[in-house]
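Here are some notes for a colleague who is opening this structure for the first time.

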Amino acid sequence: MILKPHLEDVQIIGYYLGKITIGIGLFMLVPVICACALGEINPLLDFLIGIGISFLVGFLLTAICFTDRDLNWMQGMIVVSLCWLLAMLLGAIPLFLSGHYRSFLDACFETMSGFATTGLTLVQDLDHLSYAHNLWRHLIMFIGGQGIVIVALSLFVKGFSGAFKMYVGEARDERVLPNVIHTSRFIWLVSVVYLALGTLALGITGIINGMKPFNAFFHGACIFMAAFDTGGFSPQSQNVLYYHSFPFEIITIIIMFLGAINFKLHYHLWTGNFKELAKNIEMRMLFFTVTITFLLVAIGLYKLHTYPQALMLFRKGFYQLISGHTGTGFQTIYALQFNEWGDLALVGIICAMALGGAVCSTTGAIKMLRIGIIFRALKEDVKRIMLPEKAVLFEKFHHIKEIFLEDKQVRSALLVTLCYLLLYFIGALVGMLCGYPFLFSLFESTSAAANVGLSCGITSVTMPAVLKTTYILQMWVGRLEFMSIFTLLGFIVAAIKGK
Amino acid sequence: MKLLLPRPEIARQPLAANKQKPSCISCYRSTMLYFVWSIVFFLTIPCYAQPLSSEELIINAKQHDNQSVNYRGEVIGDIMVRGNYAWINVNDSQNAIGIWTPVQLIKDIQYTGGYSSAGDWVVITGIFHRACRQHGGDMDIHAATIVIDTKGSRLEEKPSSFKIKVAISLLIICLTATIIYFITLSYRKRR
């Protein structure tokens, strides 16, 4: 029997949604400061309207649904899934008002792409977009990369037991430190320290490359936020190709890689435990999968003579691959140039995108830990067949500590992997229904669902609204890793059918 | 090749000559003569290439690789000087393409496109590279000539009166809501 949710459930969900909405409004103050400093009047008004609506919705929700009760698991999951949709709608307001988006749906697409750290974009005439709007596009990636709820938790909440439920709901089931609030603050500390260092490195490189100092540091900050949070937006329409700089590409590769590794591993590296880097199952899997997928890409490109020199092949092939594997989506080629890459290289990139980076990082997709667990389970099963029946067999893997492989972990890894594969194929199917070829549909669908952002040219303002909506849903579901979305669906079903 | 199409007025010249009406064999001969003459004419005159769009260059990159092309667009972002050369990025409203140019060719460029300015529109003649060997495989054009087509300008920002009204109204409502919210909160806590 399905139990109908109580009004109390709705009240608690509404109250916490309201709090997070106020938090989103407060974050819009950053582009407001930028617009004031640079004298951008219309962008300033766009963001004031955005803040006004966010605060209004937030205050209304908290006032109407006021409660002092804590969240349970179901409510926590629903708050997370709904707050991402609400954040998309509110974050899209200033972008839509900028006049650089054909419709509100396009602005919503951009905001979800930003929050989910995807990087697919529908902006028009990006090269004339204001600094404030550009900063917002990149800031939402930074907020989304850390997790919208984590931002609210670490900045606006002193501590409550429901915090962990929302933390898990945002696909972060690992605690770096014993307390969730401390964990989210550590994640912020890591991000802010890297932000300072990354912006400095990219800014100086920009100046050496001939950019004006202000632009160099503004671009540096934006590109850092996009790279570390494995987002993929860029302040210019050419993406990273705009800079025409090999050192700039190398720095972004390092930042993308840092963004793709587990925050727990960051903690160990910060405390001087560098051995963990070599022992960790995720790092080993990442090395293995990058090697295999790069081989596919390199052979594919070599066979077609797409890039006649080894350096070219590295700068184009390896960069796009790392960008796809880490879930960033930076491109140093035009989207339509994927046409000349051939099927094998495209399959290599699709595989890399589908696999993703580490758990508890800012990447999307299946993730290395799950792939590692599935491989270990396969190895265990093969061993079981080969050894005598009475032999006691156990498999271990190293992830921060030695862990015995259990059926529960394998089941969970396989379920999530299956869900991701389904999500990739559903998007590809919709793409094909809209008239695009299979491989390109799969490429774009995987890019959206795995929160990557590489595009082979399908994502554009002219693509059908149904495909835009599909990609928005894929980005949302892919970022939250299914559980909170399934809980929301269950809640809706219970509200309709429950007794 | 598309880039060597003659200007329309040049192409019309042989057609205009066809208006003469000689008879029989002489008519056939003269037609043949004009036909041969026109082929020779098209092959020998210096052609004025029409600017190609960025989309055409990207989609048919192999066809245009290492060929001289004309490309027209707005200079956007930064002019990145690297020694005696510089990178400029030129957007034709579809995509922006990187132009590698000697510094002296761009000394007349005053405005580059951004939020507060419309950049100079330039016509570039140069060699297009699908995957430039000198620049790590970038798709670019090595400029031989750059001509400023339309001057850019500073863009005056006019605040939208509608946005001002909406923003002020919303801020007043929010301020009131905030005050009511905190009063209600303190009342509830006391209770």
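1. Domain bounds, as used here, come from an automatic or database domain assignment. For chain B that assignment gives domain 1 (2–44), domain 2 (54–154) and domain 3 (159–191), and the centres of domain 2 of chain B and domain 3 of chain B, taken over C-alpha atoms, are separated by 50 Å.

2. Please keep in mind that this is a predicted model, in which local features need pLDDT of at least 70 and side-chain atom pairs count only at pLDDT 80 or more, while totals for chains, interfaces and linings use all residues. Residues are numbered from 1 along each chain as its sequence is written, and chains are lettered from A and ligands numbered from 1 in the order in which they are written.

3. On confidence, pLDDT is the predictor's confidence in each residue, from 0 to 100; chain A has a mean pLDDT of 89, with 94% of its residues at 70 or more. Where pLDDT is low, the predicted coordinates should not be read in detail.

4. Chain A is divided into domain 1 (1–173 + 466–499) and domain 2 (177–463), whose C-alpha centres lie 24 Å apart. Between them, 42 residues of domain 1 of chain A are in contact with 43 residues of domain 2 of chain A, two residues being in contact if their C-beta atoms, placed from the backbone, lie within 7 Å. On the domain 1 side of chain A, α5 (104–115), α6, α7, α8 (163–169) and α20 (465–480) of chain A each supply at least two residues, and α20(A) gives the most, with ten residues.

5. How many residues does each chain bring to the contact between chain B and chain A? Chain B supplies 42 residues and chain A supplies 42 residues. On the side of chain B that touches chain A, α5(B) gives the most, with 13 residues. By class, that side of chain B has 22 nonpolar, 13 polar and seven charged residues, where Ala, Val, Leu, Ile, Met, Phe, Trp, Tyr, Cys and Pro count as nonpolar, Asp, Glu, Lys and Arg as charged, and the others, Gly among them, as polar.

6. Helix α17 (residues 368–386) of chain A packs against helix α18 (residues 407–433) of chain A at an angle of about 125 degrees, with their axes 9 Å apart; axes are lines fitted to C-alpha atoms, for helices over the stretch in contact, and angles run from 0 to 180 degrees between N-to-C directions. That angle makes α17(A) oblique to α18(A) (under 35 degrees counts as roughly parallel, over 145 as roughly antiparallel, 65 to 115 as roughly perpendicular and the rest as oblique). Residues making the contact include R370(A) and I373(A) of α17(A) and Q409(A) and V410(A) of α18(A).

7. Helix α4 (residues 73–97) of chain A and helix α6 (residues 131–146) of chain A have axes that come within 10 Å and cross at roughly 160 degrees, and α4(A) and α6(A) are therefore roughly antiparallel to each other. Their contact is made by G91(A), P94(A) and L95(A) of α4(A) and H133(A), W136(A) and I140(A) of α6(A), which divide into four nonpolar, two polar and no charged residues.

Terms used:
Helices (H or I, at least four residues) and strands (E, at least two) are DSSP runs, numbered from the N terminus.
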